[in-house]
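Please keep the sequence and the model in view as you read.

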Amino acid sequence: MSPHSSMYTIIIAGVIVVLVGGAVDVLLTRQRIHTGVALAQSTKAFQRELVGAKVNILIIGDSTVVGVGARVPEESLAGQVAASFPLVSITNLGVNGAKAKELILRLEAVAARQFDLIMIHIGGNDIVRFTKLGELTASIASVLQLATSKAKHVTLTTSGNVGTALLLPWGTRWLFERRTRNVRTIFIEAAQKYRVQYIDLFREHSKDPFYKNPHYYYAVDLFHPSSAGYADWYAIMQPVLSKFGGK
């Protein structure tokens with residue numbers, strides 16, 4: 001066999017490996033999506049209405065506000081907020097699959113209410129469903145305008161590095177990491193413009209537990225956080241929230 005033939009054989013073998021590996025990856029992704037859908041359908045969002053409560057918190061956003069992936073509602077973000085603020089009412093307007101623009105109507109639907117703190121957690125679906133960045137910039141601006149008219153204190157959070165999620169096919173994760181960085185930049189700039197507190201969950205791989213130990217910090221669908229993942233996120237959020245009276 002000539003050197004050229006050997007080279008072509010290696011290239012062809014490499015292509016076959018990539019194609020076969022890609023096909024397997026796609027099948028695994030489909031299975032994990034079905035698992036994630038089942039998780040979402042079985043998850044009940046945590047909220048707590050206390051009669052006569054002097055402090056009211058609104059938590060609004062996507063499936064991470066619903067708490068998909070947490071073992072029990074109390075281990076979701078909203079559940080952990082409740083533990084930090086034991087004497088406040090918590091309204092949960094999390095919706096599975098929500099994108100930023102959908103929060104506009106949900107905030108308008110509670111226009112008659114005022115809150116002491118509004119926590120916005122959104123952006124993951126805008127990342128993976130490829131919302132145009134210009135559209136997202138406009139949407140999050142409208143969301144923050146509404147939120148700041150309804151509460152003295154507002155926090156804005158998006159997911160950590162979506163590119164670390166093993167649900168996503170291996171060859172695409174770099175793209176979703178880039179999208180995460182783009183969305184993070186948009187949110188930071190919007191938070192500064194509207195004077196709200198941005199809580200940054202993004203970490204580089206060397207410091208990101210979701211990257212280092214995905215099977216622990218992600219739920220079984222390898223996309224939503226597990227209870228450990230939500231606890232890790234809340235450890236970052238809690239020092240900021242303590243400024244508003246939480247323990």
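## Confidence in the model

Where pLDDT is low, the predicted coordinates should not be read in detail. For the chain as a whole the average pLDDT is 87, and 82% of the residues score at least 70.

This is a predicted model, in which local features need pLDDT of at least 70 and side-chain atom pairs count only at pLDDT 80 or more, while totals for chains, interfaces and linings use all residues. Residues are numbered from 1 along each chain as its sequence is written, and side-chain values use heavy atoms, with hydrogens and water left out.

## The sheet

Helices (H or I, at least four residues) and strands (E, at least two) are taken here as DSSP runs, numbered from the N terminus. Strands of a sheet pair through backbone hydrogen bonds, either parallel or antiparallel. In this model five strands make up an open sheet with the order β2-β1-β3-β4-β5 and parallel pairing, where two strands are said to pair if DSSP finds at least two bridges between them. At the edges stand β2 (89-94) and β5, each with a single partner strand, so one side of each has no neighbour in the sheet. From one strand to the next, the twist averages 20°; such angles run from 0 to 180 degrees between N-to-C directions, with axes being lines fitted to C-alpha atoms, for helices over the stretch in contact.

Strand β3 (residues 115-121) is joined to strand β4 (residues 151-157) by six bridges; within β4, Leu-156 is the bridge partner of Ile-120, and Thr-157 stands opposite His-121. On to the next pair, β4 and β5 run parallel and share three bridges, with Gln-197 in β5 as the bridge partner of Thr-155. Five of the seven residues of β4 are buried, where buried means under 20% relative accessible area, exposed means over 50%, and partly exposed lies in between (1.4 Å probe, protein chains only). Helix α3 (residues 77-84) lies across β1 (56-61), β2 and β3, and runs at about 165° to β2.

## Salt bridges

Side chains of opposite charge can pair when their charged atoms come close. A salt bridge is counted when a side-chain nitrogen of Lys or Arg is within 4 Å of a carboxyl oxygen of Asp or Glu, and by this rule the model has six salt bridges. In one of them Glu-204 meets Arg-181, with 2.8 Å from N to O. This pair links distant parts of the chain, since Glu-204 is in the loop between β5 (197-199) and α8 (209-212) and Arg-181 is in helix α7 (residues 173-194), 23 residues apart. Both side chains also belong to a network of salt bridges that includes Glu-177.

Asp-200 and Arg-184 form another salt bridge, with the closest N and O atoms 2.6 Å apart. Because Asp-200 lies in the loop between β5 and α8 and Arg-184 in helix α7, the pair ties together parts that are 16 residues apart in sequence. Asp-232 and Arg-203 also meet in a salt bridge, at 2.5 Å from N to O. Here Asp-232 lies in helix α10 (residues 227-241) and Arg-203 in the loop between β5 and α8, so parts 29 residues apart in sequence are tied together. Asp-232 counts as buried at 16% relative accessibility, and Arg-203 is buried as well, at 18%.

## A buried serine

Ser-227 lies in helix α10 and is buried, with a relative accessible area of 16%. Leaving out residues up to four places away in sequence, Ser-227 touches Gly-69, Ala-70, Arg-71, Val-72 and Glu-75.

## Two residues with positive phi

Most residues other than glycine have a negative phi, and most peptide bonds are trans. Phe-130, although not a glycine, has a positive phi of about 55°; Phe-130 sits in the loop between α5 (124-128) and α6 (133-150) and is partly exposed, with a relative accessible area of 42%. Arg-195, in the loop between α7 and β5, also has a positive phi of about 55° without being a glycine, and counts as exposed at 79% relative accessibility.

Methods:
Contact means heavy atoms within 4.5 Å. pLDDT is the predictor's confidence in each residue, from 0 to 100.
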